[in-house]
Amino acid sequence: MIEKIHHVGVVVKDADKALEFFHDAMGLTVTADKTIDEQGVRGVLLAVGENEIELLQPTQLDTGVSRYLESKGETIHHICFQTNDIVSELARLESMDIELIDKSPREGLAGEIAFAHPKSANGVLVELAQVPPGAHASNEKGFDHLALTAKDVEQAKMIWEKITLKKATNDIPVEDRGMLITQVPVSQCVLEILSPLPASNIFTDRLDAEGEGMVSMVAIEVDDIEKEIQRFRELGYKLPDAIMGPLPNSVVTTISAEQCYGLAIQLIEFSH
């Protein structure tokens with residue numbers, strides 16, 4: 001079964017430079033740092049509560065990760081779901097017409113891993129991982145939410161229910177952005193499906209220009225957003241003042257992807 005979102009993978013030019021933000025500024029703990037020669041990549045995992053961020057630095061030319069970096073720049077690469085039985089999960093996904101890149105698991109930074117093809121998942125590269133004993137584990141909340149874009153919300157609901165075995169629980173219209181937020185809880189993180197509202201072309205135009213896929217952003221809940229804004233500003237990062245967020249009872253600010261090696265960090269505070 002799918003237990004949680006294990007990590008999001010981000011392709012970076014220089015993992016050491018990226019660690020100056022993710023480790024030094026954000027204060028995240030490195031849980032793994034390994035060069036995998038057969039994949040031509042250095043991978044670094046950093047813990048965010050129950051989840052992790054994976055930095056992927058190409059170490060060889062003419063590899064998949066290297067070509068991805070060359071074509072798209074520093075940005076999100078994949079989302080990884082943790083499972084307790086990767087062989088059974090691969091068989092289940094294949095039986096549900098999810099196209100697999102790997103029909104059997106192989107060794108990766110997170111443990112035994114395998115990938116499903118983006119064309120079966122709204123343009124999102126999906127990884128499964130069965131982690132080894134002693135790997136990072138936490139019961140603390142990590143990501144508040146991640147987001148992906150989809151043209152057809154009903155089709156996307158079916159796709160992500162197949163992958164995660166989780167049902168969508170909420171639909172939140174955001175009129176000023178022409179967008180519908182559909183929430184799929186996966187453990188303590190919400191996977192948001194962003195789709196166009198029928199009566200608006202605002203979000204449709206964005207999808208036509210950018211295509212479907214993962215949004216290169218993670219949202220992290222904080223207790224005192226003003227305090228966090230001040231802390232990051234003192235470290236030299238530029239953040240806008242907090243504003244009302246699209247989710248109910250929320251205020252948000254974002255450290256731009258350009259400052260965070262391709263992965264925007266949204267800080268979100270909820271009033272309870």
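**Salt bridges and aromatic rings in a predicted model**

Good morning. I begin with a network of salt bridges that links Asp 16, Asp 33 and Arg 42. A salt bridge here is a side-chain nitrogen of Lys or Arg within 4 Å of a carboxyl oxygen of Asp or Glu.

Before going further, a word on the basis of these values. This is a predicted model, in which local features need pLDDT of at least 70 and side-chain atom pairs count only at pLDDT 80 or more, while totals for chains, interfaces and linings use all residues. Residues are numbered from 1 along each chain as its sequence is written, and side-chain values use heavy atoms, with hydrogens and water left out.

How many salt bridges does the structure hold? There are 16. Helices (H or I, at least four residues) and strands (E, at least two) are DSSP runs, numbered from the N terminus.

Are the two partners buried or exposed? Arg 42 is buried, at 12% relative accessible area, whereas Asp 16 is partly exposed, at 47%. Buried means under 20% relative accessible area, exposed means over 50%, and partly exposed lies in between, with a 1.4 Å probe and protein chains only.

A further salt bridge joins Asp 102 to Arg 106, the closest N and O atoms being 3.1 Å apart. Asp 102 is buried at 12% relative accessibility, and Arg 106 is partly exposed at 31%.

Asp 171 forms a salt bridge with Lys 157, at 3.5 Å between the closest N and O atoms. Here strand β10 (residues 170-174), which holds Asp 171, is linked to helix α4 (residues 153-164), which holds Lys 157; the two residues are 14 apart. Asp 171 is partly exposed at 42%, as is Lys 157 at 22%.

I turn now to the aromatic rings. Rings of Phe, Tyr and Trp (its six-membered ring) pair if their centres lie within 6.5 Å; planes under 30 degrees apart count as stacked, over 60 as edge-to-face and the rest as tilted. The count by this rule is 5 aromatic pairs. The ring centres of Phe 21 and Phe 22 are 5.0 Å apart and their planes stand at 80°, so this pair is edge-to-face. Both Phe 21 and Phe 22 are buried. Together with Phe 232 and Tyr 237, they form one aromatic cluster.
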